[in-house]
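Hi everyone, thanks for coming.

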Amino acid sequence: NNVIIQGTYGCTLQHAGRNQEAVKVLGPVVQATPKDAWSRYCLGKGLLAEKRAADARNHLQQVLRDDPRFPRRAEIEKINGVH
């Protein structure tokens, strides 16, 4: 019941390619801590892998709004078609 641990776990799942599980874990984390850029980023990546591109883009765009200096900004811009 710790959102920090759940966020880390969800990002680990996403990184391991277990995207469906990651989305289930990270959805509630992002609802509880909407400014957690890494959890939102991992949720977006998981959604993208699950062929839910519109949902993914919404989350990834929110990452950039919340944290303009996000370390993977260039990757998100490429995914969202920003040049």
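So, aromatic pairs. If you search the whole structure, three of them turn up. One is Trp38 with Phe70: the ring centres sit 4.6 Å apart and the planes make an angle of 50°, which makes it a tilted pair. Keep in mind that this is a predicted model.

Where do the two partners of that pair sit in the chain? Trp38 belongs to helix α3, which covers residues 37–49, while Phe70 is in the loop between α4 (53–66) and α5 (73–79). They're 32 residues apart, and the pair links distant parts of the chain.

Now, buried or exposed: what about Phe70? Phe70 has a relative accessible area of 3%, so we call it buried, because the cut-off for buried is under 20%. Trp38 comes out at 37%, so Trp38 is partly exposed.

Phe70 also pairs with Tyr41. Here the ring centres are 5.3 Å apart and the planes are at 45°, so this pair is tilted too. Why does it count as tilted? Because planes under 30 degrees apart would be stacked and those over 60 would be edge-to-face, and the rest are tilted. Tyr41 is in helix α3 and Phe70 is in that loop between α4 and α5, so this pair ties together parts that are 29 residues apart in sequence. Tyr41 is buried as well, with a relative accessibility of 2%.

Okay, next up, the core. The largest nonpolar core has 18 residues, and the ones touching the most other members are Tyr41, Leu43, Val63, Phe70 and Ile76. Which elements give two or more residues to this core? They are α1 (3–15), α2 (19–32), α3 and α4.

Let's pick Val63 and see who it meets. Skipping its neighbours within four places in sequence, Val63 is in contact with Ala37, Arg40, Tyr41, Phe70 and Ile76.

Last stop is Val3, over in helix α1. Val3 has a relative accessible area of 32%, so it counts as partly exposed. What does Val3 touch, if we don't count residues up to four places away in sequence? Val29, Ala32 and Thr33. Val3 and Val29 are 26 residues apart along the chain, and their C-alpha atoms are separated by 5.7 Å.

Notes:
Residues are numbered from 1 along each chain as its sequence is written. This is a predicted model: local features need pLDDT of at least 70, side-chain atom pairs count only at pLDDT 80 or more; totals for chains, interfaces and linings use all residues. Side-chain values use heavy atoms; hydrogens and water are left out. Rings of Phe, Tyr and Trp (its six-membered ring) pair if their centres lie within 6.5 Å; planes under 30 degrees apart count as stacked, over 60 as edge-to-face and the rest as tilted. Helices (H or I, at least four residues) and strands (E, at least two) are DSSP runs, numbered from the N terminus. Buried means under 20% relative accessible area, exposed over 50%, partly exposed in between (1.4 Å probe, protein chains only). A nonpolar core is a set of buried Ala, Val, Leu, Ile, Met, Phe, Trp, Tyr and Cys residues joined through side-chain atoms within 4.5 Å. Contact means heavy atoms within 4.5 Å.
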